[in-house]
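Dear colleague,

Here is the model I promised to pass on to you. Please have a look at it first, and then read the notes that follow it.

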Amino acid sequence: MPSKVEGWKSETYGNEVRDRLLEFAEEGWDSIPEDEHDAWFERFKWWGLYHQRKGQESYFMMRIGTPNGVLKPGQLEVVADVADEYARGPVDNPEFGAAVCDWTTRQSIQLHWIKLEDIPEIWEQLESVGLSTQQACGDSWRNIVGCPVAGKDTNEFIDAWPVAEELNERFKGNEEHTNLPRKWKVSVTGCSEGCGQGDINDLAFEPATKELGGEEVKGFNVRVGGGLARKEPRLSRSIDVFVTPDEAADVAAACSALFREHGDREDRFNARIKFLIDEWGTEKFRRVLDEEFVDGELKTAGEDLRDQYTYNAGHGEHGDHVGVHEQPDGNYYVGLSVLVGRMGAEDTRELAHLADEYGSGEVRITQRQNLIVTDIPEEDLDAFLDEPLLEEYSPDPHPFMRGSIACTGTEYCSLSIVETKNRMVRYARWLKNNVEVPSGVEDFHIHLSGCTASCAQPQIADISLRGMKTRKDGEPVEAFDVGLGGGLGENPQFADWVEMRVAADEIPGYVENLLAVYEQRREEGESFREFIARHEEDDLTGLAEPEETTYEDPYMHNTKMTWYPYADEDDMSASPAPTDGQGQSLTSDD
């Protein structure tokens, strides 16, 4: 029997949801029947809208898709304007203020506190510059990810941007691929460093060569079935297929159609393609793909470049594109570190202006929640680097600031168990000011995820933090499971979870003690990831002790049970939600 969600989707889904959304926006929050909230909120996701959590009724998170992270000239300023006008909540965030833009680990943009009544005007502004929320969420093709400097990299093997752009144009709004069993995440990588993170995507095109007709041809090998969600992560697996750039979209369509027809629609927990690959194996997947879903005969895989992958490989190389880098045309791109991927609307607008003044106006989003300004002439580079905004968003950040990633957390997310972004900011600052970085370590990744959904990609970090609860001094407090030694590169591996339910205020002390152990016991030239890898999992448990320090955590209480973790009066009964779209609470005494 199809799942409840499949029943909702069979009634209304995809492009047709837009008309109903516009009707609800015109009539207001109360026009959505209360007993149909779950069904409509599930459908709204297809148009990039997630209803925020309990206590924030009538507010939505809006996700804007930016294929391959590319923001074309003029687009970033419109995003800033939309955030400034429509994404202001009833309480300011104490670290970031009001009206923020979140850059995500899938090279997208998220805005919060969006009201239903404002959606038509927001869409009009976004779509006027070619931006869209279509399929930014939901059971369909999500935002295409890849190397954020595709077409701008002097060491690029093949320019993957045209392929990513074609996939976006072909499958956004495509009725044949509108309703899949679950989300469908696609990566296209053209560089030899592997920064497209194909290993953790449902469908991955990775650079390869193959001899065809006596000539060596550049293209892509195809991998399927990667993903991090739940406690069952998978690395994508080769299906022994090579495609040229011109063939990529057709093979992608075939893979998507196979998933549409054979993915599990009865159990959403098992509906991702990784579980179909578990069940079938790659040989059966390839055979069915070849026999039932493609025209002609699939080519066998070519020679891949995976032995050259350095992105998040733990070897000290910077694969995050932060810093100053020369482009093939002699101009430069500058990667800016954005701590936990959050930037205020005013700073976002200022960066848009700087991109126009010094570059082409183009800005790109990375999978490490950072931003890149492209096309800066060499003669303007020093002036750009001297801009005051770059003091906050540095192209040369401290390793603890550079490597910190965090998901949305209990601030807005109904799934999260703990507060995340403000806490990770505090962790990074405390570590920077109090912990000596081991010699030779320039890049150190700490990923903090509020739950097992893994939006912060914790399984592929040096230190992985996954939100939990525990008791301390007899009181319930927020806590984390701790994993060690994850990463990608030539030999990708997931973190080993070695410490369970560590109180949140003891995490910085644990990191400090762990790095001291690493410094004392490592072999010459041994990276942190190599150090962890040569220990048995049992030996990693207890390798360092959690400890209270001078770090003070203001979010130890159960932030999931507040209406907003940073409100002075944070009890659910103090919530101003739902609103009427005019800045007034429906539950107020006014």
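The protein chain is divided into domain 1 (4–128), domain 2 (150–308), domain 3 (323–397) and domain 4 (401–557), with bounds that come from an automatic or database domain assignment. Residues are numbered from 1 along each chain as its sequence is written. Please keep in mind that this is a predicted model, in which local features need pLDDT of at least 70 and side-chain atom pairs count only at pLDDT 80 or more, while totals for chains, interfaces and linings use all residues, and that side-chain values use heavy atoms, with hydrogens and water left out.

On the pair formed by domain 2 and domain 4, the centres lie 31 Å apart, taken over C-alpha atoms, and 12 residues of domain 2 are in contact (heavy atoms within 4.5 Å) with 13 residues of domain 4. Between these two domains about 1,100 Å² is buried, 65% of it from carbon and sulfur atoms; buried area here is the accessible area (1.4 Å probe) that two parts lose on being put together, summed over both. Of the area that domain 2 buries against domain 4, Leu228, Lys231 and Leu235 supply 40%, more than any other three residues.

Finally, the C-alpha trace of the protein chain spans about 80 × 60 × 55 Å along its principal axes.

Best wishes
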